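Dear colleague,

I am handing over the structure we spoke about, and below it you will find notes on what came out of it. Please read them with the model open beside you.

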Amino acid sequence: MAALTREAAGRLLARQGILVAFAVFMVVFALANPRFIDIGNVAGVIRSSAILGVMALGVTFVVIGGNLDLSVGSMMSFSTIVVLDLHDTLGPALAIPAMFALTLCLGAFIGILVGYLKLNSLIVTLGMLSAIHGLTLMWSGGKNMDIADKAGTWFGIFGRGDVLGIPVPILIFALLAVVLSVVLSRTPFGRKVYAVGGNGTAATFSGVPRARVVFLTYILSAFCVAIAGLMQASRSLGSQNTVGQGMELEVLAAVILGGASLLGGAGTIFKTVIGVLILGFIQNGLLLMGLEFYVQYVVTWVIIILAVWLDIAAKRSRLWSPIA
Amino acid sequence: MTDATPVLRLEGIVKTFPGVRALDGVDLELRPGEVHALMGENGAGKSTLMKVLGGILQPNEGRILIDEAPVVMTSPLEAKGKGVVFIHQELSLADELSVAENIFLGELPRKRFGRVDWTRLYATTDAILKTLNVRFDARTRVGDLSIANQQMVEIARALTVSPRAVIFDEPTASLTDAEKVVLFDVIEDLKAKGVGIIYISHRMEEIFRITDRISVLRDGQYRGTLRTAETTEDEVTQLMIGRSLDLSRSPVRHALGKVALEVRGLSCGHLYRDVSFSVREGEVLGFYGLVGAGRTEIAETLFGLRTPSAGSIRVNGDEVRIGSPVDAIRHGIGLVPEDRKGQGLVLGMNCRDNMTLPQVDDLSTGPFVSDGAEVAIFDQYRDRLDIRTPGWRQIVGNLSGGNQQKIVIGKWLSMRPQVLIVDEPTRGIDVGSKSEIHNLIRDLAAQGYAVIVISSEMPEVLHVSDRIAAMYSGRIMRTFAAEEVTEDSLIQAISGLEPEKVA
């Protein structure tokens with residue numbers, strides 16, 4: 001009987017280890033500081049996680065398809081700078097579609113290199129991280145970009161607005177999460193993403209156009225980045241060139257924390273959302289505990305690595321294994 | 001050759017796996033200075049026996065004796081230390097390192113402070129290479145060598161320990177005739193030094209050219225040892241195949257339909273040349289030959305994974321161009337690939353999703369996948385193929401090999417193909433499921449499908465085929481009708497012994 005419960009507990013841990021960790025973590029922090037679960041604080045965390053979350057939704061498709069995307073941080077800086085600059089020259093109504101078009105071009109470029117030319121996604125997106133940063137600086141001339149008439153534009157709605165009392169960034173994140181969850185789990189495209197990431201050769205042998213599927217995951221990722229860039233620009237109405245710097249790793253951490261396999265073929269949108277929230281709440285919790293900002297970097301990563309390790313350990317039912 | 005003390009002796013080796021007795025009391029005696037062929041069909045137990053000898057597997061019963069002293073070997077390194085070395089079919093060399101580094105990998109000579117003693121390393125290596133009469137030196141990058149020369153590096157590696165027994169596993173599989181001569185010279189040299197050599201090969205021609213004795217395994221059992229000089233190919237074949245095998249084909253002959261697939265003069269670089277054949281509806285065409293004879297490559301071409309350099313493919317009389325699997329599927333060609341886990345299935349996905357993967361677009365309603373339609377297809381083929389699984393949600397990786405294979409077959413049947421190609425239908429599948437798959441293939445033909453079966457197992461090909469194309473070295477040597485074929489003639493045809501005949 002005891003063995004049975006232990007086995008059941010093990011199974012629960014293996015399947016929902018991250019959720020369990022999330023729950024434990026929330027309880028501990030809430031006990032340490034009741035303000036942590038104050039509704040205002042919770043809403044604040046979700047709101048400030050929304051931009052990261054939107055990017056993580058797109059990267060989830062890329063990762064399930066068996067690839068990486070390390071370019072999303074610098075691509076988000078690019079989108080933000082571009083849309084802010086065009087806001088004053090073309091007006092917001094034209095600036096937004098123009099920025100989306102340019103960002104999707106970047107995604108298409110990566111998609112061609114990784115999908116059709118079959119180059120290693122780590123190398124390609126690492127290179128693009130640098131290259132896009134360069135493009136951003138070329139566009140801005142290295143200067144911060146600001147909207148001239150901050151009071152007179154409706155552009156702030158995506159980052160600062162409320163609908164029925166709910167912040168727009170949370171609405172965008174939630175809506176996109178629902179739509180992309182349906183795309184991933186309910187459409188033929190989603191099925192093919194799992195197949196290509198799970199076993200690309202078998203997918204090819206089943207007539208799945210592997211290159212096109214990979215290409216489309218990068219288009220989707222770029223689309224999400226464009227939305228994130230729009231939210232970022234709208235929130236601050238002005239930006240540095242480096243606004244998205246380092247976010248590619250946080251995004252990847254959220255996706256992996258959610259349980260998507262770095263080898264591809266596994267993961268869900270729901271789990272990624274959990275991963276995003278865990279990351280957001282960890283940082284918030286540490287802040288409330290009064291830890292210095294830079295200590296957070298260290299502690300956040302220690303927790304992430306611990307969580308991933310426990311997740312893997314639960315899957316192979318021991319803490320250490322000589323083989324993967 | 002004298003009856004000197006054997007360098008190596010295996011006594012009553014038994015190795016069981018769950019449900020299978022892979023080795024059932026195998027004896028083998030290797031004398032110094034002899035080349036001893038180990039023969040048997042695929043699955044007869046040769047590789048298991050060699051794994052036992054190499055310390056990779058532990059026998060359940062029996063003894064291994066080196067120079068008449070019993071030894072226990074628990075790792076390949078230990079086997080090597082005792083003078084038993086393997087030259088594998090698949091080379092295990094590091095391309096980027098030099099010949100010398102590869103040969104002494106893991107045991108590079110050292111100077112003080114752990115620095116590598118390059119001078120000594122190269123000198124020792126060149127000394128070994130000299131005995132092999134090769135034309136490259138210790139500093140050559142292994143990646144720059146031909147396959148044959150890489151094999152020489154493997155042999156040189158074996159010679160660093162002054163071996164007692166050297167095991168060659170299909171060493172000539174990727175060698176040209178000229179390169180074979182060099183290899184055989186090296187084997188002669190080893191022999192002269194009193195080393196015992198176990199030579200594993202399917203190629204009768206080579207066996208009779210270089211070996212002194214031949215031991216035969218069948219179904220995990222030792223069937224006897226023959227002196228090469230005193231035996232014939234027929235006798236060896238008899239021993240390998242035995243009489244007990246059920247070679248009866250389904251006696252019910254049904255009428256054949258129109259020609260479903262016709263291939264004329266198909267070539268693909270050096271992989272295969274000028275291949276012509278046709279399959280009718282209701283017919284099973286078997287392809288038999290050694291690994292590397294070009295069978296799988298033909299299947300891959302028909303499925304759009306390779307581009308032919310010449311020739312034509314007709315499906316139902318219309319000439320088609322197949323540039324990708326998508327094209328092949330559109331023209332009604334399905335392929336159950338050779339590597340079930342690597343090519344046939346997404347192991348982490350569930351049964352239904354694997355089965356419906358090629359037609360997931362066709363099965364969708366609006367933008368969404370249709371659960372109902374997919375489950376209906378899965379249920380239909382689960383019943384028809386008798387796939388044993390708790391339900392469609394079961395992850396394919398958890399099924400047995402036989403049931404996995406049925407999922408792959410179901411995947412293509414549900415597409416209602418014109419031509420179904422099945423490559424190695426029962427590889428890695430237990431005996432019971434094997435005959436089930438064979439019956440299934442016969443049933444498909446009876447239902448009017450045109451089926452191509454590629455197999456390395458003779459009983460399988462004989463059992464399921466209406467006609468058999470025997471391949472050797474990229475060519476169809478001869479096409480037999482099921483009524484006229486004999487094991488001997490088939491073995492001769494795939495060993496390249498028979499003069500080429502027009503198919």
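Which residue in β7(B) is the bridge partner of B:Val85? Before the reply, please note that this is a predicted model, in which local features need pLDDT of at least 70 and side-chain atom pairs count only at pLDDT 80 or more, while totals for chains, interfaces and linings use all residues. Residues are numbered from 1 along each chain as its sequence is written, chains are lettered from A and ligands numbered from 1 in the order in which they are written, and side-chain values use heavy atoms, with hydrogens and water left out.

The partner is B:Val166.

As for chain A, its secondary structure comes to 13 helices and four strands, helices being DSSP runs of H or I with at least four residues. Buried residues make up 52% of its 324 residues, and its C-alpha trace spans about 70 × 55 × 35 Å along the principal axes. Among the contacts in chain A with a separation of 6 or more, 79% join residues 24 or more positions apart, a contact meaning heavy atoms within 4.5 Å.

With kind regards

Conventions. Helix = DSSP H or I, 4+ residues; strand = E, 2+ residues; numbered from the N terminus. Buried < 20%, exposed > 50% of the residue type's maximum accessible area, 1.4 Å probe, protein only. Pairing = 2+ DSSP bridges.
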